[in-house]
Amino acid sequence: MKSGLSLIALALAATAPSVLYAQDKPADDATAEKPADYEPQVRTTKLSGTFGGQRINYAATIGETIIKNKDGVAEVAVVTTSYVKEPRDPGRPVTFLFNGGPGSGTVWLMMGAFGPKRVAIPGTGVDDGAPPYPIVDNPDALMDVTDVVFIDPPGTGFSHLIGKADPKEYYGVTQDAKLVAEVIRRWLNDNGRWNSPKYLGGESYGTTRSAAVANQLMNATYNDVALNGIILISTVLDFAAGSDTAGNELSFITNLPSMAVTALYHGKATGTSPEAFAEEARQWAIGPYASALLKGQKLRGEERAAIRRELARFTGLSETYLDSADLRVTPGRFYKELLRDRGLTVGRLDSRYTGKDYDSAGEEPDNDPSFYGIDASYTAAINSWSRDGLGFKTDREYQSIGSIGGQWDWRIGGRDTNAYLNVTPYIGQALRENSGLKVLVAQGYYDFATPFFAAEYALSRTGIPQDRISYTYYGAGHMMYIRDEDRSKLSADIRAFIRAR
């Protein structure tokens, strides 16, 4: 996922009839594994459930796909978990999903939104507490309209490098996209699904991955795998739009509507509804506020005072504080300042959440209450479901949030291209060259990790057909599906998107 975390920058599950039992090695012993001897583990369980009001029998397969280098040496074990309706139908849609990070496992989307089981935690901005956490049936899973394959790239979930594999070959925007595209092609081949309608979806950095993988599937080679749809959940495509780098005025513009709805939620601003206040903030941010920021230190006198007054109205912050910040409040400062008078901070992934720091001084929060408020329950759920429910045997620790982000190669082009990462042109090219492709963008109002206005900005640029992009909004944050109403709405929106093909 979780592109959104401050600590992050949320195998082909083949449906083979036989089960291979591999002798797994502990995570610390990974380099001791001999590539030639690595035997993939694949386990299939036959289950049934009710999804979208339909009773469905399905095969749940968790397994490893082995990726080899050009010399035929095994270098990566990619674990996927697939849910395929029975009896099998090659004409049925299949959707490939992953989270983000980079370094985040698919635990968030699988155990929170679209898997047949989910972990039930409070969705109202309070902590998930201590175990046991209820793991319940999930009628909002998408099995009534599509088969689903969750992919964990290496360094996430149970997926890992083998032997002396070089991380530089796999940890990067393009390297990762090539690998995921290969896993998808292998799944289609092994499961006889080449002519099935195909959907690709990701959350957070997973949306960045979606754009890059779509490019690898449809544009990078002549062996095209055309897609029917791309599902972007908590979108980050143009990294300049949300970068807090000094001198980048754009991020103050794209963050302003998120600040406004958060201030409204916590009673620090006045408006008729989040939707209406967000729209008012959008228009002011892209107009008077953008113009004021571009004037820099030439903004003076009454013009500056007028901007300061409106900024205070939208953000709920005092004019004195805004003046001290030169009308530019970074998200980190906002989390700490908004409710400082109450001794509380607000969350980054979901600004409905509040936390209590060691003290009320300081410039930024000690931690993100919207992450530590949910992480333990998801970790427990994915391990319980994968190991006990689906029978995956390993001594490895499931990497909900791995540490590969620091090794990530963010380059996708030449010098100017790499001044900041922007994969939105991949989406534009895919839409221009595939008339049957549609894009769904799902955004939480209270998400500062991937602000909704930044997603709108990125996807409204030149070269991106607008008639096949649709937007949906939710009353929670980055993982909007933790809120029951939003999980059901997100599921219904995606069902409609797939059925509308």
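**Exercise 1: Aromatic pairs**

Work out how many aromatic pairs there are, taking rings of Phe, Tyr and Trp (its six-membered ring) as paired if their centres lie within 6.5 Å.

*Solution.* Step 1: by this rule, the count comes to 23 aromatic pairs. The model is a predicted one, in which local features need pLDDT of at least 70, side-chain atom pairs count only at pLDDT 80 or more, and totals for chains, interfaces and linings use all residues. Residues are numbered from 1 along each chain as its sequence is written, and side-chain values use heavy atoms, leaving out hydrogens and water.

Step 1: let's look at one pair, Y171 with W408. Their ring centres are 6.3 Å apart with 20 degrees between the planes, and the pair is stacked (planes under 30 degrees apart count as stacked, over 60 as edge-to-face and the rest as tilted).

Step 2: Helices (H or I, at least four residues) and strands (E, at least two) are DSSP runs, numbered from the N terminus.

Step 3: Y171 and W408 are both buried (under 20% relative accessible area, with exposed over 50% and partly exposed in between, using a 1.4 Å probe and protein chains only). They also belong to one aromatic cluster with Y205, F239 and W410.

**Exercise 2: Two packed helices**

Describe how α3 and α11 pack.

*Solution.* Step 1: helix α3 (residues 205-218) and helix α11 (residues 424-433) pack at an angle of about 40 degrees, and their axes are 8 Å apart. Axes are lines fitted to C-alpha atoms, for helices over the stretch in contact, and angles run from 0 to 180 degrees between N-to-C directions.

Step 1: on the α3 side, A211, A212, N215 and M218 meet Y426, I427, Q429 and A430 of α11 (contact means heavy atoms within 4.5 Å).

**Exercise 3: Helix α12 and its surroundings**

Find which residues of α12 are buried, and what they pack against.

*Solution.* Step 1: the buried residues are F452, F453, A454, A455, E456, A458 and L459. That is seven of the eight residues of α12 (residues 452-459), so this helix is largely enclosed by the rest of the structure.

Step 1: the buried residues of α12 pack against β10 (229-235), α4 (250-265), α5 (274-295), α11, β13 (438-444) and β14 (469-474).
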